[in-house]
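Take a look at the model below. We will walk through its aromatic pairs, then its core, and then the whole chain.

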Amino acid sequence: TDVLVAQGQFTVVKTPLGFIKVLQWIFAIFAFSTCGSYSGMFRMSVECETRSESDLAIEVQFEYPFRLHQVYFDAPTCKEGRTERLFLVGDYSSSAEFFVTIGVFSFLYSMAAMSVYCFLLEKYKENNKGAQIDFVVTAVFAFMWLVSSCAWAKGLSDVKTATDPDKVITLIAACDEQAVRCLEKAEPRVSGLNTSVAFGFINLILWIGNLWFVFKETGWMAAFSGTYMPSQEKQPAPDSFAQQDPYAGSQGGYQPDYGQQGYNEEGGYNQGYEQQPTSFSNQM
């Protein structure tokens with residue numbers, strides 16, 4: 001039984017329809033995990049004239065969903081040992097959360113579709129309803145991947161700008177003074193976020209490509225081509241012309257009428273021909 005299941009139900013994975021769903025499932029995990037699990041950090045230093053007032057290791061941490069306007073740090077004012085609390089700029093949670101949400105739902109739908117392909121393939125192909133629903137949902141996800149990937153690419157660019165230590169240093173009032181030295185100590189590592197954007201566009205390509213393989217299962221292609229066949233069958237040109245062509249009719253049942261008409265026009269000659277045997281018999 002296990003062999004039959006392995007060879008029968010899961011052979012759909014070897015077809016383009018099933019294999020691309022497996023790829024969608026895998027890359028959806030990569031997309032939402034690389035973005036949703038991110039946390040970054042950068043460091044700065046503010047060196048005042050009075051060394052005791054300086055802070056040489058200002059550490060700022062941020063993470064998904066990148067509500068940077070809620071991220072704060074304390075920086076020295078270089079005045080009487082006081083500090084000021086500063087906040088980063090920007091809220092990029094909408095694009096990040098939208099991207100992750102599309103990734104999670106793509107993961108769930110791909111897993112559900114694979115289950116249907118493996119265990120309910122006959123139901124899926126029955127009346128093409130399953131394939132048609134699959135096509136519509138796939139088209140929606142392809143569009144959503146396009147929107148979410150573009151939005152997150154723009155959001156990531158803004159996140160990089162807002163977390164650039166050189167930009168953040170401009171928020172510190174003490175750094176405007178010539179006697180104060182402000183330096184960047186460490187930049188945030190955003191390679192994981194760059195990867196998430198790449199996975200987003202890979203998912204876009206996969207879902208667009210999957211449209212063709214699902215479309216072939218919908219039966220719409222046969223329906224579109226079938227609409228032209230009846231129109232050709234409704235116009236049997238040779239038969240109709242054969243019934244209406246006078247020349248063609250002269251070879252059929254219309255010929256006796258034509259002969260009858262000729263008999264009427266040349267009645268005298270035909271009558272003499274027919275009466276000739278009679279007169280000969282009388283002579284005999």
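Rings of Phe, Tyr and Trp, the last taken by its six-membered ring, form a pair if their centres lie within 6.5 Å. Planes under 30 degrees apart make a pair stacked, planes over 60 degrees make it edge-to-face, and the rest are tilted. This is a predicted model. By that rule it holds 18 aromatic pairs.

Start with tyrosine 72 and phenylalanine 87. Their ring centres are 5.6 Å apart and their planes meet at 55 degrees, so this pair is tilted. Tyrosine 72 belongs to strand β3, residues 72-76, while phenylalanine 87 belongs to strand β4, residues 83-87. The pair therefore ties together parts that are 15 residues apart in sequence. How accessible are these two residues? Tyrosine 72 has 43% relative accessibility, so it counts as partly exposed. Phenylalanine 87 has 40%, so it also counts as partly exposed.

Now turn to tyrosine 109 and tryptophan 207. Here the ring centres are 6.3 Å apart and the planes are at 35 degrees, so this pair is tilted. Tyrosine 109 sits in helix α3 (residues 93-119) and tryptophan 207 in helix α7 (residues 191-218). The pair links distant parts of the chain, 98 residues apart. Buried or exposed: which are tyrosine 109 and tryptophan 207? Both are buried.

Aromatic residues also gather in a group. Tyr38, Phe42, Phe62, Tyr64, Phe66, Phe99, Trp145 and Trp152 form one aromatic cluster.

Next comes the core. The largest nonpolar core has 56 residues. Met44, Val46, Phe66, Phe73, Trp152 and Ile172 have the most contacts inside it. Several elements each supply at least two of its residues, among them α2 (16-36), β1 (39-47), β2 (55-63) and α5 (129-162). Which element gives the largest share of this core? Helix α3 does, with nine residues.

Phenylalanine 73 deserves a look of its own. Leaving aside residues up to four places away in sequence, it touches Met44, Ile58, Val60, Glu84, Arg85, Leu86, Leu88, Val168 and Ile172. Two of these partners, Met44 and Ile172, are among the core residues with the most contacts.

Finally, step back to the whole protein. It has 13 helices and five strands. Of its 284 residues, 33% count as buried. Among contacts with a separation of 6 or more, 70% join residues 24 or more positions apart. The accessible surface comes to about 17,700 Å². Carbon and sulfur atoms account for 58% of that surface.

Notes:
Residues numbered from 1 in each chain as written. Predicted model: local features only at pLDDT ≥ 70, side-chain atom pairs only at ≥ 80, totals over all residues. Heavy atoms only, no water. Helix = DSSP H or I, 4+ residues; strand = E, 2+ residues; numbered from the N terminus. Buried < 20%, exposed > 50% of the residue type's maximum accessible area, 1.4 Å probe, protein only. Core = buried A, V, L, I, M, F, W, Y, C linked by side-chain atoms within 4.5 Å. Contact = heavy atoms within 4.5 Å. Areas by Shrake-Rupley, 256 points an atom, 1.4 Å probe, with all protein chains shown as cover.
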